[in-house]
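The sequence and structure come first.

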Amino acid sequence: MEQITWKDFEQVELRVGTIMDVEDFPEARKPAYRLLVDFGEEIGIKKSSAQITDLYPKEKLIGKQVVAVVNFPPKQVGPFISECLVTGFYRPDGAVVLAVPDDEVSNGAKLA
């Protein structure tokens, strides 16, 4: 594993947001959803494509807080522009478990 510097890590903006809307993303190569995530007043609402369909039905995602990288440049994912990267952890079976705060925090809160 390649090491990074503390300065490198400080450049990554990991923020908490609340999922406001979830739609199927049938054009994605792997099963995915299109998400709208609210990161509060400073950052606003951002779109993301997330391959989390294995463990999360759409109705369970609305209102869920997630941790995301908000300072990547927009990325074209098929016909969709993803504006942030919702984070999670791969299980051995390939399913993604979302990285979430243990307790509710304000939208836009930065990872300490």
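Helices (H or I, at least four residues) and strands (E, at least two) are DSSP runs, numbered from the N terminus. The model is predicted: local features need pLDDT of at least 70 and side-chain atom pairs count only at pLDDT 80 or more, while totals for chains, interfaces and linings use all residues. Residues are numbered from 1 along each chain as its sequence is written, and side-chain values use heavy atoms, with hydrogens and water left out.

**Annotated span**
- The UniProt record (unreviewed entry) places the feature "domain: TRNA-binding" at residues 8-112; UniProt positions follow the numbering used here, feature names are shortened, and annotations may be inferred rather than shown by experiment.
- Residues 8-112 are 10% helix and 40% strand, and the end C-alpha atoms of the span lie 15 Å apart.

**Sheet**
- Five strands form an open sheet in the order E3-E2-E1-E4-E7, with antiparallel pairing; two strands pair if DSSP finds at least two bridges between them.
- E3 and E7 are the edge strands, each with a single partner strand, so one side of each has no neighbour in the sheet.
- Strand E1 (residues 14-24) pairs with strand E2 (residues 33-38) in the antiparallel sense over six bridges, and Val 22 has Leu 35 in E2 as its bridge partner.
- E2 is also joined by six bridges to strand E3 (residues 45-50), again antiparallel; here Leu 36 has Lys 47 in E3 as its bridge partner.

**Leu 85**
- Leu 85 belongs to strand E7 (residues 85-86).
- Leu 85 counts as partly exposed because its relative accessibility is 41% (buried is under 20% relative accessible area, exposed over 50%, partly exposed in between; 1.4 Å probe, protein chains only).
- Beyond neighbours within four places in sequence, Leu 85 is in contact (heavy atoms within 4.5 Å) with Ser 48, Val 67, Ala 68, Val 69 and Phe 72.
- Ala 68 is 17 residues from Leu 85 along the chain, and their C-alpha atoms are separated by 5.2 Å.

**Ile 4**
- Ile 4 sits in the segment before helix H1 (6-10).
- With 56% relative accessibility, Ile 4 counts as exposed.
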